Amino acid sequence: MNILFFGTKSYDKEFFEKLEGSGAYHDIDITFIEPKLSPETARLAEGFEAVCAFVNMNVSARTVAILKDCGVKLILMRCAGYNNVDLEAAKACGMTVMHVPGYSPEAVAEHAMALVLTADRHMHKAYIKCRENNFNLAGLMGINLHEKTAGIVGTGKIGAAMARICRGFGMRVIAYDLYPNTELDFIEYVDFEQLLAEADLLSLHCPLTKDNYHMINKNTIAQMKDGVILVNTSRGALIKTEDLIQGIRDGKFFAVGLDVYEEETGTVYEDMSDRILEHSTMARLLSFPNVMVTSHQGFFTVEAMLAISRTTMDNALAFAEGKKNGNEL
């Protein structure tokens, strides 16, 4: 099987090249290119049986149609999320789409807690102040997490890992999920309204669907405690950014940590340091002293990259052998 790997970064090549052509994958050949998959670049896949894409790429119906014309039969998503993929279009074109449903839930959960601690204790501000020999504590006061209430939205593998971390901090853990995780006997499951009302820390760990699009908005923000900490490491569109910004301005949040945001498509994973940001909402978020923003890096650990590359290659191998492994969408 020959695969065109879109949006290649140095770390992608490092981990995938270790597997390419070795052991069970000796018949898989990968061509790495820098452009991201989009309708404008899809024609590059001419002659390839499969393409490999990521969460920040445009796998719309138009892209899928062009890929089909190119002879592509398989779309490999090297990530868990697939809200950027038009699955109906792929199905209509007779194309298979596969993803990596789980790689390292602890990687994302640990990053979520890192955002909590950084935003709560103003680590980003303290670092800059100390580098300038300013050891004044003004503006650096945080709050204890111990004996506070953590509200987890979504208790799949990542949400469960975050719940365990919060419990380790001595927090009471409540959660909202349509399908409660019976293995988490320390969690108290509540309805969404109760979770909003009681959580001192609100952490989002659910996939993006049409039902939870903008689940955090001016109405749900109004139901939260004053001084709540909000963290999102799932999908940016779970939060209506304009409403979040207004909530921050109104002093509703003690701290906010974001690894994902609505405007990330086109900018995430790219060096934009020599440009002026086109969207004012991101600039506004970055201007708030109690907001910590990272670049969709929750997954980015050695362990997670190893798991992602191996599962993606396993998916390609299963397809080539005409087998199903449960990772089809």
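Which residues of α1 meet which residues of α11? The legends below take this up, starting with the basis of the model.

The model is predicted: local features need pLDDT of at least 70, side-chain atom pairs count only at pLDDT 80 or more, and totals for chains, interfaces and linings use all residues. Residues are numbered from 1 along each chain as its sequence is written, and side-chain values use heavy atoms, with hydrogens and water left out.

**View 1. Helix α1 packs against helix α11.** Helices (H or I, at least four residues) and strands (E, at least two) are DSSP runs, numbered from the N terminus. Helix α1 covers residues 10-19 and helix α11 covers residues 302-320. Their axes lie 9 Å apart, at an angle of about 55 degrees. Axes are lines fitted to C-alpha atoms, for helices over the stretch in contact, and angles run from 0 to 180 degrees between N-to-C directions. The angle makes α1 oblique to α11. Angles under 35 degrees count as roughly parallel, over 145 as roughly antiparallel, 65 to 115 as roughly perpendicular and the rest as oblique. The crossing of α1 and α11 is right-handed. A crossing is right-handed if the near helix is turned clockwise from the far one by less than a right angle, and left-handed if anticlockwise. From α1, Tyr-11, Asp-12, Phe-15, Phe-16 and Leu-19 take part. They meet Val-302, Met-305, Leu-306, Ile-308, Ser-309, Arg-310, Thr-312 and Met-313 of α11. Contact means heavy atoms within 4.5 Å. The residues of this contact of α1 with α11 divide into nine nonpolar, two polar and two charged. Here Ala, Val, Leu, Ile, Met, Phe, Trp, Tyr, Cys and Pro count as nonpolar, Asp, Glu, Lys and Arg as charged, and the others, Gly among them, as polar.

**View 2. Five strands form an open, parallel sheet.** The order is β2-β1-β3-β4-β5. Two strands pair if DSSP finds at least two bridges between them. β2 and β5 (96-98) stand at the edges, each with a single partner strand, so one side of each has no neighbour in the sheet. Neighbouring strands of this sheet are turned by 20 degrees against each other on average, direction ignored. α11 packs on the sheet and touches β1, β2, β3, β4 and β5. The direction of α11 makes about 160 degrees with that of β4.

**View 3. Bridges link the strands around β1 and β3.** Strand β1 (residues 2-5) joins strand β2 (residues 29-32) through four bridges. Asn-2 has Asp-29 of β2 as its bridge partner. Three bridges join β1 to strand β3 (residues 50-53). There Ile-3 stands opposite Ala-50. β3 in turn joins strand β4 (residues 74-77) over four bridges. Ala-53 faces Met-77 across that pairing.

**View 4. Arg-62 and Glu-40 form a salt bridge.** Their side chains meet at 3.7 Å, N to O. A salt bridge is a side-chain nitrogen of Lys or Arg within 4 Å of a carboxyl oxygen of Asp or Glu. Arg-62 lies in helix α2 (residues 61-69) and Glu-40 in the loop between β2 and β3, so the pair ties together parts 22 residues apart in sequence. The whole structure has 10 salt bridges.

View 5. Strand β9 (residues 201-204) pairs with strand β10 (residues 228-232) over four bridges. Ser-203 has Val-231 of β10 as its bridge partner.

**View 6. Helix α4 packs against α6.** Helix α4 spans residues 105-121. The axes of α4 and α6 are 8 Å apart, at about 50 degrees. The two helices are therefore oblique to each other. Their crossing is right-handed. By class, the contact of α4 with α6 has 11 nonpolar, no polar and three charged residues.
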